[in-house]
Amino acid sequence: MAIVALACVCAGCQAKVKQYKVHVVKEYNHDRGAYTQGLFFNGGKFYESTGQFGMSSFRVVDLPTGTVQKKLDFARKYFGEGSVILGDKMYMLTWMNKVAFIYDAATLEYIQAYSYPREGWGLTTDGKSLIASDGSSKIYFLTPEFQLERSINVTLNGRPQKYLNELEWIDGKIWANIYTTDIIVIINPSSGEVEATIDCSGLLPKELRKPDTDVLNGIAYDPAAKKIYLTGKNWPRLYEVTLEKL
């Protein structure tokens, strides 16, 4: 995963793309050992998947305290990535293992594994399809059996926007972290056009950063409360945020 530059976001070339920054409403404790890959709400519960070989897991987390209430650990050979619940099943990708796992959403009991033809990065759902990223400028819409339905090419001001990472479906749009940056993009799921960028720079204060603190990654939306939460890999904090126009 190489460090990248975000496609041009200067004021002069962003006439049609809205620009926002984040405002912190509230902060919560977050497991500093969690290399966050997936973050989402479902049925009022808060879930997180984590990566790294030998440390990958899927968790049920208590939002107010950050306490892990239930944890599913993966074998050392797997590098966990994005996750989501669709229907009564939990789906989780792996990075380069070329396998995707399915579990019972209520019990986290293993159901089956599918061969996966590309790198696994982010995963979300619109309630019908699985929606996945692979680090490129493409987003894939898949059946629950991981069959390709369609794909979109994501562009910002007409240029491909690569390194789409963790994904979240919010009010009919796809939100995506841009890997190695403090930028989130809001994508039209039909055209692939980036309709807005969100600047999250400075979200985690310098005094809370340690040598293993990694990049911003993790977007969760609670549809019941209409609240947005952000965190990062090995971050000690999770933030409830709102957007402010630049």
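**Second largest pocket**

I started with the second largest pocket, lined by Lys18, Tyr20, Ile170, Asp171, Lys173, Trp175, Ile186, Glu195, Ala196 and Leu243. I noted that strand E1 (18-29), strand E17 (173-178) and strand E19 (194-199) each give two or more residues to this lining. Its space comes to about 170 Å³. By class I got six nonpolar, no polar and four charged residues.

This is a predicted model, where local features need pLDDT of at least 70 and side-chain atom pairs count only at pLDDT 80 or more, while totals for chains, interfaces and linings use all residues. Residues are numbered from 1 along each chain as its sequence is written, and side-chain values use heavy atoms, with hydrogens and water left out.

My terms, for the record:
- A pocket is an open set of points on a 1 Å grid over the protein atoms alone, where a 1.4 Å probe fits, with protein on both sides within 12 Å along at least five of seven lines; lining residues have an atom within 4 Å of a point.
- A volume is the space filled by probe spheres set on the points, which are joined across faces, edges and corners.
- Strands (E) are DSSP runs of at least two residues, numbered from the N terminus.
- Nonpolar means Ala, Val, Leu, Ile, Met, Phe, Trp, Tyr, Cys and Pro; charged means Asp, Glu, Lys and Arg; the others, Gly among them, are polar.

**Largest pocket**

Next I looked up the largest pocket, with a volume of about 300 Å³. Of its 21 lining residues, Phe41, Glu168, Trp169, Tyr221 and Pro223 are the closest to the centre. Strands that each supply at least two lining residues include E2 (36-42), E16 (164-170) and E20 (216-222). I got twelve nonpolar, six polar and three charged residues here.

**Cores**

Of its 19 residues, Trp175, Ile184, Ile198, Leu203 and Leu230 touch the most other members. E20 gives the largest share, three residues. I also found a second, separate core of 16 residues, including Val154, Leu156, Val185 and Ile187.

I followed up Leu203: leaving out residues up to four places away in sequence, Leu203 touches Val22, Val24, Leu216, Leu230, Trp235, Tyr239 and Val241 (heavy atoms within 4.5 Å).

**Arg159**

Last, I checked Arg159, found in strand E15 (residues 159-160). Arg159 is partly exposed, at 46% relative accessible area.

Definitions and conventions. Helices (H or I, at least four residues) and strands (E, at least two) are DSSP runs, numbered from the N terminus. Buried means under 20% relative accessible area, exposed over 50%, partly exposed in between (1.4 Å probe, protein chains only). A nonpolar core is a set of buried Ala, Val, Leu, Ile, Met, Phe, Trp, Tyr and Cys residues joined through side-chain atoms within 4.5 Å.
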